[in-house]
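Keep the viewer open and follow the selections in order. Each stop says what to pick and what is found there.

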Amino acid sequence: MTTQLLPLELIDKCIGSRIHIIMKTEREIIGTLLGFDDFVNMVLDDVTEYENTPEGRRVSKLDQILLNGNNITMLIPGGEGPEA
């Protein structure tokens with residue numbers, strides 16, 4: 001017998017751990033998930049943001065961010081980010 005896991009339940013299981021987020025834009029974000037709401041707006045800690053630009057990949061370090069859930073394409077629990 002398999003148990004059904006709803007999307008928000010999976011995200012809830014990721015609180016306190018690292019998560020890799022692929023955005024609709026040319027950005028990927030890796031951080032520790034502190035919390036989220038029903039719209040999948042997220043608060044992340046210890047964040048690394050990867051942005052693909054015409055000049056190459058830009059990497060930014062941020063202490064804490066609030067991420068708008070409308071811009072998220074994919075969530076990867078435990079993901080450590082794009083390859084160098």
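Start by selecting Glu49 and Arg27: their side chains make a polar contact at 2.9 Å. A polar contact here is a pair of N or O atoms within 3.5 Å; within protein, one must be able to donate a hydrogen and the other to accept it, and residues adjacent in sequence count only if both atoms are side-chain atoms. The model is predicted: local features need pLDDT of at least 70, side-chain atom pairs count only at pLDDT 80 or more, and totals for chains, interfaces and linings use all residues. Residues are numbered from 1 along each chain as its sequence is written, and side-chain values use heavy atoms, with hydrogens and water left out.

Stay on Glu49, which sits in strand 3, residues 42-53. Strands (E, at least two residues) are DSSP runs, numbered from the N terminus. Glu49 counts as buried at 13% relative accessibility; buried means under 20% relative accessible area, exposed over 50%, and partly exposed in between, with a 1.4 Å probe and protein chains only. Leaving aside residues up to four places away in sequence, Glu49 touches Arg27, Glu28, Ile29, Arg58, Val59 and Ser60, where contact means heavy atoms within 4.5 Å.

Next, select Arg27, Glu49, Glu51 and Arg58 together; a network of salt bridges links them. A salt bridge is a side-chain nitrogen of Lys or Arg within 4 Å of a carboxyl oxygen of Asp or Glu. Between Glu51 and Arg27 the closest N and O atoms are 3.4 Å apart. Glu51 lies in strand 3 and Arg27 in strand 2, so this pair ties together parts that are 24 residues apart in sequence. Glu51 is buried at 15%, whereas Arg27 is partly exposed at 32%.

The structure holds 4 salt bridges. For another, select Asp46 and Arg18, whose closest N and O atoms are 3.5 Å apart. Asp46 is in strand 3 and Arg18 in strand 1, so the pair joins parts 28 residues apart in sequence.

Finally, which residues have the most contacts inside the largest nonpolar core? Select Ile21, Ile29, Leu33, Met42, Leu44, Leu67 and Ile72, in a core of 14 residues. Strand 1 (18-23), strand 2 (27-36), strand 3 and strand 4 (56-67) each supply at least two residues of this core. A nonpolar core is a set of buried Ala, Val, Leu, Ile, Met, Phe, Trp, Tyr and Cys residues joined through side-chain atoms within 4.5 Å.

How values were computed: Helix = DSSP H or I, 4+ residues; strand = E, 2+ residues; numbered from the N terminus.
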